[in-house]
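Hi,

Here is the structure I said I would pass on. Have a look at it first, and my notes follow below.

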Amino acid sequence: MGLTSSSRASLEAGADPLTVSRPPQAGTIAIAGLGLIGGSLARRLVGRGRTVIAWNHRDAPYERARAAGIECVPRVEDLAAAIPDVLVLCTPLRAMPDVLNRLAPVLDPSTTLTDVGSVKGQVRDEVKAVGLDDRYVGAHPMAGNELSGYAASDPALYDDALWAVTYDETTDYGRMLTVMDMISAGVGNRMIVLDDDTHDRAAALISHMPHVVATALANELTDTDERNIAQALAAGSWRDMTRVALTDPDRTRAMVEEDSANVAELLRHMSARLAVMADVLERESSADPQIVRRALAQSRDFFAKARPYREFKAVDGMKTGTGAECASREERFITVSEHDWRSDLLESAKRGEHIVRIDSPCTFRVQVRTALR
Ligand SMILES: O=C(O)C(=O)C[C@]1(C(=O)O)C=C[C@@H](O)C=C1
């Protein structure tokens with residue numbers, strides 16, 4: 001298990017990372033890429049007292065970033081030279097291989113490397129290709145909107161956000177704690193810890209596939225001759241179903257193509273589900289009453305199936321926000337073991353627990369947030 005600067009002192013005495021009393025801290029954080037996600041992250045971290053140094057492929061945002069307290073440097077290599085506790089790759093996915101190639105020869109071994117990419121498997125492969133996997137921990141903030149660039153950045157983008165922190169069999173526990181400190185104490189967010197494949201499957205379901213479906217809906221409108229009438233009638237449901245189709249299409253395409261196998265499988269499921277529903281609706285106007293009865297039952301089942309999800313959302317809604325009407329969330333502590341921390345943390349995520357604080361190197365305060373039946 002490797003270490004960051006703040007935990008090094010206690011460990012020089014030979015203590016194990018799971019038994020040191022003070023979890024590692026991410027005091028200085030380098031951000032590569034000051035777009036919507038990187039810019040918002042940098043501003044949020046500065047606002048919460050962390051030192052942030054940043055680089056962007058164009059220096060256009062530097063004046064505003066400097067005014068926000070972010071130190072800006074001309075070359076990505078300069079980020080490494082500052083020997084930050086954590087360096088966060090926030091560039092577009094397609095730019096990561098180039099940035100990694102430039103960082104690999106100069107990144108100090110004490111700096112932990114992480115990223116905010118929405119697909120974890122491929123980023124890890126790219127990190128491995130340049131030999132930086134010994135200091136890498138994957139991360140993905142579940143935050144964003146359809147806008148791009150530093151001009152759209154906003155520290156509030158991270159309000160109440162959840163991050164995925166991802167590991168593989170070589171992940172260093174001490175480095176993971178440093179990234180978790182950045183997320184919990186630095187950004188003020190929650191997190192779950194899981195392996196790359198589990199992340200990429202789940203992200204395909206709740207983000208990548210829905211982006212394709214939203215785009216398909218927008219394409220449907222674009223294709224119809226009656227688009228002006230349909231657009232005139234478009235209200236809340238259309239807005240909520242298609243907001244993400246307003247995202248830069250190249251950004252969406254890169255995200256979807258990096259997770260192609262998972263997204264393709266889900267789209268096949270979804271197409272089959274929709275095809276069944278189309279058949280059901282047609283059968284409802286059959287002349288045969290038996291066929292009609294069966295079709296009506298199938299339709300009822302279709303619309304009832306997500307009841308546990310609706311119930312969860314209704315209860316969860318009562319716990320969101322502030323004020324007297326806001327119900328409290330259950331909190332507890334979990335402890336992980338030295339050898340089984342991966343499965344301990346994955347099981348915690350499966351129980352719907354979100355880590356909100358590192359209490360000691362092996363103890364975490366968690367909130368029970370997503371307990372769906
Ligand atoms: O809200 C949006 O517009 C987003 O696309 C954000 C979103 C998502 O699908 O929820 C997309 C990609 C991320 O990396 C995280 C979140």
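One definition before the rest: helices and strands here are DSSP runs, numbered from the N terminus, with at least four residues (H or I) for a helix and at least two (E) for a strand. Also keep in mind that this is a predicted model.

**The chain as a whole**

By that count, the protein chain has 15 helices and eleven strands. Its radius of gyration is 23 Å, close to the 21 Å that the globule rule gives for 373 residues, so the chain is as compact as a globular protein of that length. If you want a box for the C-alpha atoms, roughly 80 × 45 × 45 Å along the principal axes will do. Of the 373 residues, 45% are buried.

**The ligand**

Where does the ligand lie relative to domain 1 and domain 2? Between them, because domain 1 (5-195 + 329-368) and domain 2 (201-315) both give residues to the shell around the ligand.

There are 13 residues around the ligand, and the ones that come nearest are His140, Gly144, Ser207, His211 and Arg243. By type, the shell splits into five nonpolar, six polar and two charged residues.

Which atoms of His140, Ser207 and Gly144 face oxygen atoms of the ligand? For His140 it is a polar side-chain atom, 2.6 Å from a ligand oxygen. Gly144 uses a backbone N or O atom instead, at 3.2 Å from an oxygen atom of the ligand. With Ser207 we are back to a polar side-chain atom, which lies 2.6 Å from a ligand oxygen. On its own the ligand has 370 Å² of accessible area, and the protein covers 80% of that. Two elements give two or more residues to the shell, namely strand 6 (138-141) and helix 8 (196-223).

**Two buried residues**

Asp181 sits in helix 7 (residues 173-187). Is it buried or exposed at 8% relative accessibility? Buried, because 8% falls under the 20% cut-off. Its side chain has a partner, too: there is a polar contact with the side chain of Arg50, at 2.8 Å.

Ile70 is in the loop between helix 3 (62-67) and strand 3 (71-72). With a relative accessible area of 2%, Ile70 is buried as well. For a sense of distance across the model, take Ile70 and Val276: they are 206 residues apart along the chain, and their C-alpha atoms are separated by 54 Å.

**Two backbone angles to look at**

Ile83 has a phi near 45°, which is a positive value in a residue other than glycine. You will find Ile83 in the loop between helix 4 (76-81) and strand 4 (86-89). Its relative accessibility is 43%, so Ile83 counts as partly exposed.

Asp160 also has a positive phi without being a glycine, in this case near 55°. Its place is the loop between strand 6 and strand 7 (162-167). Asp160 is partly exposed, with a relative accessible area of 45%.

That's what I have for now.

Cheers

Methods. Residues numbered from 1 in each chain as written. Predicted model: local features only at pLDDT ≥ 70, side-chain atom pairs only at ≥ 80, totals over all residues. Heavy atoms only, no water. Near = heavy atom within 4 Å. Polar contact = N/O pair within 3.5 Å; in protein donor to acceptor, adjacent residues only side chain to side chain. Areas by Shrake-Rupley, 256 points an atom, 1.4 Å probe, with all protein chains shown as cover. Nonpolar A, V, L, I, M, F, W, Y, C, P; charged D, E, K, R; others polar. Domains from an automatic or database assignment. Rg over C-alpha atoms; globule rule 2.2 N^0.38 Å. Buried < 20%, exposed > 50% of the residue type's maximum accessible area, 1.4 Å probe, protein only.
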